[in-house]
Amino acid sequence: MSSPLVEAPVRSGNIVAVPLPDSERKPLSKKELSADQPTWCPGCGDFSVLALYFKLIEKRKLWHEKITTIAGIGCSSRFPYFVQAHGAHYIHGRALPFASGVSLSRPDLHVFVFGGDGDAFSIGGNHFNHTARKNIKMTYVVMDNWVYGLTKKQTSPTSPTGFKSKTDVWGSMDQPINPMKQAISAGATFVARTTHTNPNHVLQMMEAAMDHDGFGFIECLSECVEFYEGAFDASNPRKGGAFNTVPADHDVTDEMAAYKIADSAFPGYFGIYYNVDRPTKNANEAKINASSQEKVKGLKDWQILQKNFDRLK
Ligand SMILES: Cc1ncc(C[n+]2csc(CCOP(=O)(O)OP(=O)(O)O)c2C)c(N)n1
Ligand code: SF4
Ligand SMILES: [Mg+2]
């Protein structure tokens, strides 16, 4: 990873690298952000999401040391491998708890989490609900392909009824979850929907989610061309479908109105469904930390430890 440096002062023989002031740094290019060549199948929707993530970083002048890219397990969750930046490819379904720790301990970072429908709503379903209700600051993009791609075609929580897979050879009989309704009811404070076939819209949603102070959730339809080809054709005008944006008079602070548009039959609406301000866990914890630190102001670390031990006596 290359980072522009100014004069390197020499201190006791060690070179100390000092980054240029932000105003003098050039936006990171795709070349500087690309790591391994993505191993997705040709035509997979996930390529588009990755390209737009690079674009977002470039456009918003985010620096390597100020972003982190976190994922669970799945095709979509391979994301951090392909980004030349700090990040973690974590355990299946556990990206959000990992990201929560990063977000709470490093308020200076933009925490981006990418993953699939299985990762988010099956094995990670509980974590999704709790991260949303705690309103932990991060941007979470679920690349929803309505199937388990990596493990080669099992029914996912978003697969529609009737979908034939290796786990439902006669067709899925279970009602799929609706990610938008789930996010709103869990307490997410920013909820948006987009599709990989509309790059400008994906970028717009990512920017808005990133700017939101809280848990920003985006459902991004991302076609699995290998195991669910054509799943989203009805939302793609190039395939004869309809890309309908959220009605212009929709009030994004109205929870019931958000549910209502989330209840529309596929292809539904694309855009921001819900966007409200509520104190983040980050802010609430920071307040407690600040008041605790005030009480031990001026003390050395060992004196703070001693005080704690004394309290336990
Ligand atoms: C604890 C655990 N259980 C199961 C698996 C197997 N597994 C890996 S990815 C995956 C599903 C991935 O589906 P999704 O999250 O929708 O991602 P996609 O591959 O479709 O992008 C499963 C079941 C695993 N790796 N770890
Ligand atoms: S299996 Fe599907 S989701 Fe996975 S890389 Fe291939 S097209 Fe993409
Ligand atoms: Mg999937």
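What share of the 313 residues of the chain counts as buried? In this predicted model the figure is 39%, with a residue called buried if 20 or more other C-beta atoms, placed from the backbone, lie within 10 Å of its own, exposed if 12 or fewer do, and partly exposed in between. The model is a prediction in which local features need pLDDT of at least 70 and side-chain atom pairs count only at pLDDT 80 or more, while totals for chains, interfaces and linings use all residues. Residues are numbered from 1 along each chain as its sequence is written, and chains are lettered from A and ligands numbered from 1 in the order in which they are written.

The chain holds 10 helices and 10 strands, taken as DSSP runs numbered from the N terminus (helices H or I, at least four residues; strands E, at least two). Its radius of gyration is 22 Å, close to the 20 Å of the globule rule for 313 residues, so the chain is as compact as a globular protein of that length. That radius is taken over C-alpha atoms, and the rule is 2.2 Å times the number of residues to the power 0.38. Along the principal axes, the C-alpha atoms fill a box of roughly 65 × 50 × 40 Å. Of the contacts between residues at least 6 apart in sequence, 65% join residues at least 24 apart; a contact requires C-beta atoms, placed from the backbone, within 7 Å.

Helices α3 (residues 95-105) and α5 (residues 125-134) have axes that come within 8 Å and cross at roughly 30°. Leu96, Pro97 and Ser100 of α3 meet His127, Phe128 and Thr131 of α5.

Leucine 104 also lies in α3. It has 18 C-beta neighbours inside 10 Å and therefore counts as partly exposed. Beyond its neighbours within four places in sequence, leucine 104 contacts Ile136, Lys281, Asn282 and Glu285. Its C-alpha atom is separated by 31 Å from that of glycine 45, 59 residues apart along the chain.

Two ligand shells were examined, with a residue included if its C-beta atom, placed from the backbone, lies within 6 Å of the molecule. Ligand 1 is surrounded by 17 residues, the closest being Gly74, Ser76, Gly116, Gly118 and Gly149. Helix α4 (residues 117-121) gives the most to this shell, with 3 residues. The shell around ligand 2 includes Trp40, Cys41, Cys44, Asp46 and Cys75. Asn145, Gly149, Leu150, Cys224 and Glu226 are also among its residues.

Technical notes. Two residues are in contact if their C-beta atoms, placed from the backbone, lie within 7 Å. Axes are lines fitted to C-alpha atoms, for helices over the stretch in contact, and angles run from 0 to 180 degrees between N-to-C directions.
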